[in-house]
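Hi,

Here is the structure I promised to pass on. My notes follow below it.

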Amino acid sequence: MIHEHVVCPFCGCLCDDLEVTVEDGKVVNTKRGCIIAKSKFMNHDRDRAKPMLRKDDELIGVSIEEAMDRAAEILRSADHPLIYGLSSTECDAQRAATELAELVGGTIDNTASVCHGPTLVSVQAVGVVKCTLGEIKNRADLVIFWGCNPGEAHLRHFLRYSVLSKGLFTQEGRKDRTVIVVDVRENASTKLADIFLKIRPNSDFEIISALRAAIKGHEVGDVAGVADGTIKEVAEKMKSCKFGVLFFGLGLTMSKGKHMNIDAALSLVRDLNDYTKFAINSMRGHFNVAGANEVLIWQTGYPYSVNFSRGYPRYNPGEFSAVDVLSRKECDAALIIAADPLSSFPLRASEHLAKIPTIVIDPKNSMTSLVAEVVIPTAMVGVECEGTAYRMDCIPIRLRKVVEPEFPSDKEVLEEIIEKVKAG
Amino acid sequence: MMIKNGTVYDPLNGIDGERMDIFVENGKIVEESKEKEVIDASGLMVMPGGVDIHSHIAGSKINIGRLLRPEDHRKDVVPRTEITRSGVGYTVPTTFVTGYRYAELGYTTVAEAAVPPIGARHVHEEFADTPMIDKMMFPLMGNNYFVLKYIEEDEFEKLKNFVAFLLNATKGYAIKMVNPGGVESWKWGKNVESLDDKVENYDVTPREVITNLAKVNEELGLPHSVHVHCNNLGAPGNFETTIETMSALRERIHITHIQFNSYAGEDWASFASGAPEVANYINKNEHVTCDVGQVVFGDATTMTADGPWQHTLYKLTGNKWVNSDVEMETGAGIVPYVFRERNLVNAIQWAIGLELFLLIEDPWRVYLTTDHPNAGPFYHYPKVISWLMSNEKRGELLAKTHKGVSKMTTLSDIDREYSLYEIAIITRAATAKALGLRDKGHLGIGADADIAIYKLEDDFERSFSRAKYVIKDGEIVVRDGKIAKGHLGRTFWVDAGGEATDEIKEIFSEYYTLNFENYPVQEEYLPRQEVISCK
């Protein structure tokens, strides 16, 4: 059977034009997706998790019911449980996770906390001038990539949205656009650039500020190794384009300055709207990290790092962010869902995660499941079950199911745990 | 259930404060019920559940507003209880809190008034987390590519088909226009300034957009009229554009938050009320209905699809600014704002809203809204009611405002006071009627058993702030102003037919970034729906 218009549940691009061929309940081929999409669908059944409990320091196979019972028991008896992850699952699971966090009076955080968290904090301070990806496809004649590398991280971004795509007022596609890439090194994306602005690591804030001054007509001189003339040239291109966009990634959010960099970038783009039309969009990584923010915002008012210990939502990145809660050894249990913190968190945070009772809900085995107390396998979202995901520009799309799952979905597992916690 | 001996205000059935019993069974008002449950409503006021015709409660715009305002949320925290979820309130409440607070006011049906069609799924997702109330939403059409294209090509039948298709695809309820043409021009940083300006890159004017969509609306027989946020909103002197818009057609038209479009003067220094002129036009022309968008002093979060206006407001205030343009369809802007009593312009805006309420003679055609959360949060409606019912109350506040108000508006010359019957009209009966919701807004046999019961005290604001009982679909959901039981309301949408033609699909594949097949809202997003058919 051939499934058409399938949505890829990998990155924030959420390409929705895949063709997936299924024979005898197995994915045998995919078309149109990038190599990562192909790999995700073709290998979805490899290295799958099984329900397990830790007994005598060893993970032992159990029934999923037993695993869920233990999970509920851990969460019920914890004083300060942490729920973390959520960016690789769908919105109904995110809704249930928020309800669970509220029920047990815990902290809930999603992976934005270690990627675009500073972006969200900056939007709260400055505001943002943004647009959907179709606006860029249809109108943008100047496209800037700053601290992001879609050529390797968002493989079809150039093609579908930002550079090669043809639209209403960009009928010539690539020829109608000027592309500027700002990065600290050459990479797959810089090759495509008309202008590659190579900058020193951690000089982003100064250079963005210099551009901001230059577009307002101030003399800036050489800044952080970038020549005065180059700054003037880029500033002039920004002011004189008809519709510009600045995409940015972790090169800006996680380098020195963090949210200060984003404050500067958001302000630069806002100011450019005195001269022309300009937007700034974040390159979101996991396929539904944007949805994790959206759901938490509509249920609590806040995008990540939310604590319910007082019965109502409180927000404070740095205080209620997963890395900090773990590093300070504040939580006494954790539920990790649809993320693998052990593969990226600082050692101190990971050590605490290994020490406390940790529940891992994931379709696949992960680094984190190796140290878990409870492992609960689930259906793979967008392959084995449906649900909503929000694209990097916050357009909601319904994910498809192409094969039957062996295990219940994240949503079903969380709802079951909620019932068990309430009953206990 | 029997609601015994209440003083009933049911304007759609001509009942004005009569003592009577109301019977409820299976979620409907019935002639008689054998059920034993009795609510003793002696000395209480019984009205149909409130129906809000224009509010921003769900979807991408309000959710960006929530993200933008952590400083607001912490002023109004709402802890969880055994039966309710937690959240935050203030100007941009979370979904659960929105549902609870509307219900506590005695409101049972609310329309989300501006939805980018491509974001319709988002609205329905939030609706599923907005408890207690019935909901509906209006997709934005006044700057849609297909609408502009078909008007430019003089293809009326194609336009009509597209509108019907879009209502179906989004599970929407009415045709919404926001600054028709202006938002498309804003995509190049421009705007339109009159009904006859050309939209950037199109041989189309705002007048053509409004008149064509109004004609489509009537030919499709949609239950509500076109719902219009006029051009030039917020600008001094815009009352002329408003009158021109209303007089551009003879079809039904609803002008929303008309307060923001009833300004005289040439600039901010000469800013004055244009309410008498607007009210005069409405009094003479029955095809117009409006809601007011009454200013309530204090914090607000302004949000509209009117991108260029929000940019102006950012420039005026220097506050943080969000702009969000949406491919092929629309845009949006958000700016926090504070309405101050001592600010002359704000005080005039406040007075203009009240002038409109008081100068428009027919309460069936002027409705209570604050364009939540633009002119103030919806839970201040009881304040507005107190100003309408008591000349003394509004006089007290008028005395605190900038003294220029009396010169620039006629408010101090008006002594009209609304009766309870008229309040019931502008908050439920007339709004239900304008929306074409036949089973809402009244307590006749067969109506939905959505009922608000209030204890009338000397203070009208307090009387309407917390309903004594609210009955939703026949069950008591609010008792003594507090949620007594959770409830998932229905979502209403209109099936007007319409099909996705090959041309529509082809344009999708060329210019949208979403596949056509993934565009329409799937059934899964409507856990409890009711389809309203066209005339």
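How many residues does helix H8 of chain A have, and how far does H8(A) reach from its first C-alpha to its last? It has 12 residues (204–215) and reaches 17 Å, close to the 16 Å expected at 1.5 Å a residue, the expected span being 1.5 Å times one less than the number of residues. Helices here are DSSP runs of H or I with at least four residues, strands are E runs of at least two, and both are numbered from the N terminus.

Before you read on: this is a predicted model, where local features need pLDDT of at least 70, side-chain atom pairs count only at pLDDT 80 or more, and totals for chains, interfaces and linings use all residues. Residues are numbered from 1 along each chain as its sequence is written, while chains are lettered from A and ligands numbered from 1 in the order written.

Back to H8(A): 10 of its 12 residues are buried, so the helix is largely enclosed by the rest of the structure. (Buried means 20 or more other C-beta atoms within 10 Å of a residue's own, with C-beta atoms placed from the backbone.) Among them are Phe205(A), Ile208(A) and Arg212(A). The cover includes helices H9 (228–240), H10 (250–253) and H11 (259–272) of chain A. Just after H8(A), Gly217(A) takes a positive phi of about 90°.

Now the two chains. 51 residues of chain A are in contact with 45 of chain B, contact meaning backbone-placed C-beta atoms within 7 Å. On the chain A side, H5(A) gives the largest share, six residues.

Cheers

Conventions: Two residues are in contact if their C-beta atoms, placed from the backbone, lie within 7 Å.
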